[in-house]
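These are my notebook entries on a structure I looked up. I set down the strands, a loop residue and the ligand shell in turn.

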Amino acid sequence: MGLEENIQVVCQDFLEADLSEATVIYMYLLPEALVKLKTKLESCFAQKTRVIISHHFSIPWWKGEEFLNSHIYFRQ
Ligand SMILES: C[S@@+](CC[C@H](N)C(=O)[O-])C[C@H]1O[C@@H](n2cnc3c(N)ncnc32)[C@H](O)[C@@H]1O
């Protein structure tokens with residue numbers, strides 16, 4: 001599909017990972033893990049991130065859209 005140059009798969013503790021350059025973040029994390037990421041995800045939207053997608057589990061503090069069992073959140 002030609003997306004390889006635009007995608008970086010990070011296998012790392014998400015609390016340690018540098019997400020500051022990410023324009024789109026896709027996650028499959030349990031609700032308790034999403035809570036741990038709240039501050040980090042908020043700072044991502046304040047930087048370069050335009051879209052955050054959480055597979056299966058919604059992020060309760062944001063209002064998003066649903067598509068194919070994923071919850072999609074756009075920078076406001
Ligand atoms: C809902 S499961 C996803 C299962 C599997 N990775 C998959 O894609 O089918 C959530 C995953 O988050 C991972 N996880 C929990 N804390 C994490 C952290 N601090 N950094 C990265 N991954 C973490 C868990 O190991 C678990 O595998």
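**Entries on the sheet, a loop lysine and the ligand**

I looked up the bridge partner of glutamate 65 and found isoleucine 72, in β4. Strands here are DSSP runs of E of at least two residues, numbered from the N terminus.

I note that the model is predicted: local features need pLDDT of at least 70, side-chain atom pairs count only at pLDDT 80 or more, and totals for chains, interfaces and linings use all residues. Residues are numbered from 1 along each chain as its sequence is written.

I then followed β3 to β4 (residues 70-74): the two strands run antiparallel and are joined by three bridges. Two strands pair if DSSP finds at least two bridges between them.

I recorded the open sheet as four strands in the order β1-β2-β4-β3, with mixed pairing. β1 (24-27) and β3 (65-67) each have a single partner strand, so one side of each edge strand lacks a neighbour in the sheet.

I next located lysine 63 in the loop between β2 (51-55) and β3. Lysine 63 counts as exposed because it has 11 C-beta neighbours inside 10 Å; the cut-off for exposed is 12 or fewer other C-beta atoms within 10 Å of the residue's own, with C-beta atoms placed from the backbone. From lysine 63 to isoleucine 7, 56 residues apart along the chain, I noted a C-alpha separation of 26 Å.

Last, I listed the residues that surround the ligand: Asp13, Phe14, Leu15, Tyr28, Leu29, Leu30 and Ala33, where the criterion is a C-beta atom, placed from the backbone, within 6 Å of the molecule.

Key: A residue is buried if 20 or more other C-beta atoms lie within 10 Å of its own, exposed if 12 or fewer, and partly exposed in between; C-beta atoms are placed from the backbone.
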